[in-house]
Amino acid sequence: MNIQHYMQQLGQEARQASRAMAKADTQTKNQALLFIAAAIQREAQALLAANQQDIAAAKANGMDDAMLDRLTLTEKSIANMAEGLTQIASLPDPIGEMSDFKYRPSGIQIGKMRVPLGVIGIIYEARPNVTIDAAGLCIKSGNACILRGGSEAIHCNQALAKLVHEGLAKAGLPENAVLVVETTDRAAVGELITMKAFVDVIVPRGGKGLIERISNEARIPVIKHLDGNCHVYVDDDADLQKAVRILENAKTQRLGTCNTAESLLVARSIAHTALPLLAQMLVSKGIEIRGCEETCAIVKEAIPATEEDFYTEYLDAIISSKVVAGIDEAIAHINQHSSQHTEAIITENYTKAHQFLREVDSSSVMVNASTRFADGFEYGLGAEIGISTDKLHARGPVGLEGLTSLKYVVFGNGEVRA
């Protein structure tokens with residue numbers, strides 16, 4: 001296969017489809033989403049079978065547990081895919097929405113209109129649910145997309161692509177609005193991220209190595225986050241029962257996700273009370289604690305942390321722990337060491353909660369809630385195409401609005417510029 005020719009052909013097809021998608025009305029797009037959701041529910045067993053093919057091959061190739069967790073589909077996760085599409089269909093359509101109108105002294109009226117980005121290239125590893133999340137959000141936002149999933153999920157992604165095409169065709173929309181790259185040749189990625197004539201934005205989802213490569217080599221704007229070193233800070237004024245429950249969920253519910261807590265900070269004035277409770281829970285769940293000197297003095301199971309530990313996204317049964325003087329040191333530590341993904345404070349003090357919200361420089365900041373909530377589905381976006389820790393265009397979970405842009409629109413009545 002000539003990869004360059006193949007990818008250029010996909011780009012041309014996607015660009016043509018994007019013109020039709022930009023004109024599609026809300027009802028038609030919603031019908032497509034519901035048709036796809038119904039097809040996924042209908043073919044659940046076939047999807048599980050395709051996923052098992054992928055899992056067997058991944059295990060034979062020595063895939064680690066965190067990646068296997070991302071690759072694996074269950075009946076629940078398949079139901080969640082369908083539910084996510086249904087939720088997207090129920091959301092307001094952002095396309096064509098006009099806002100911020102004002103009259104100018106010249107007599108013209110100026111406002112903004114929300115429009116699709118065009119063609120979105122999405123590159124991801126392992127997670128087959130991304131195929132549906134991405135397709136659903138791109139369809140609703142009037143975009144076309146080129147999806148390049150990892151080779152480890154090729155069977156499942158191709159099975160899902162057939163269902164997406166079925167739903168699009170049934171609704172009268174172009175099947176080429178969602179194109180799944182069929183080759184596992186890595187050269188396809190290199191082509192996709194440089195096709196400026198056909199692709200408007202790239203969204204990489206996967207490990208830090210993949211995202212760094214895309215960010216460094218892309219000639220197209222990228223919506224990305226590199227890693228998720230998420231923090232939970234237990235404040236002097238924390239409810240410790242809440243703290244234990246929230247940290248348990250944030251760290252132990254799933255080890256391999258970007259919104260899993262990787263760092264624990266505890267205020268010094270309560271460390272001798274709070275740390276034993278928190279550590280008991282963590283150790284009972286099989287979590288290794290890598291702590292500062294004060295942590296190790298209080299928690300006998302803790303081992304000494306290096307400075308590098310406080311920067312690390314483990315995606316494993318490990319957490320770093322540090323005792324801090326109070327909220328100011330906690331915020332300073334987070335802003336220095338975090339990946340600007342998600343941070344949480346546990347406190348009953350309203351003033352300190354708002355200080356944390358204002359001063360922590362991350363895409364999601366939470367009060368008395370698990371970092372695991374940093375997710376498009378949980379935020380009511382229907383699904384997410386990724387998490388952005390950048391500050392331009394989109395930040396945090398990227399849903400429908402993040403896949404649109406604004407253009408100025410001007411209404412006049414014969415005015416000319418003096």
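Residues are numbered from 1 along each chain as its sequence is written. As the model is predicted, local features require pLDDT of at least 70 and side-chain atom pairs count only at pLDDT 80 or more, whereas totals for chains, interfaces and linings use all residues; side-chain values rest on heavy atoms, with hydrogens and water left out.

The protein chain contains 14 helices and 16 strands, assigned as DSSP runs (helices H or I, at least four residues; strands E, at least two) and numbered from the N terminus. For its 418 residues, a compact globule would have a radius of gyration near 22 Å, and the value of 23 Å found for the chain agrees with this. The radius is taken over C-alpha atoms, and the globule rule is 2.2 Å times the number of residues to the power 0.38. The C-alpha trace spans about 70 × 65 × 35 Å along its principal axes.

Of the 418 residues, 53% count as buried (under 20% relative accessible area, with exposed over 50% and partly exposed in between; 1.4 Å probe, protein chains only). The accessible surface of the chain, by the Shrake-Rupley method with a 1.4 Å probe, comes to about 18,400 Å², of which carbon and sulfur atoms contribute 49%. Among contacts (heavy atoms within 4.5 Å) with a separation of 6 or more, 73% involve residues 24 or more positions apart. The mean positions of the 40 positive and 51 negative charges lie 6 Å apart. Lys and Arg count as positive and Asp and Glu as negative, without His and the chain ends; the charges are placed at NZ of Lys, CZ of Arg, CG of Asp or CD of Glu.

Two aromatic pairs are present in the structure (ring centres of Phe, Tyr or the six-membered ring of Trp within 6.5 Å; planes under 30 degrees apart stacked, over 60 edge-to-face, the rest tilted). The rings of Phe101 and Phe411 have centres 5.9 Å apart and planes at 45°, so this pair is tilted. It links strand S1 (residues 98–103), which holds Phe101, to strand S16 (residues 404–411), which holds Phe411, across 310 residues. Phe101 is partly exposed at 32% relative accessible area, and Phe411 is partly exposed at 42%.

In the pair of Tyr233 and Phe356, the ring centres are 6.5 Å apart and the planes meet at 20°, so the pair is stacked. Tyr233 lies in strand S7 (residues 230–234) and Phe356 in helix H14 (residues 350–359), 123 residues apart. Tyr233 is buried, with a relative accessible area of 0%, and Phe356 is likewise buried at 0%.
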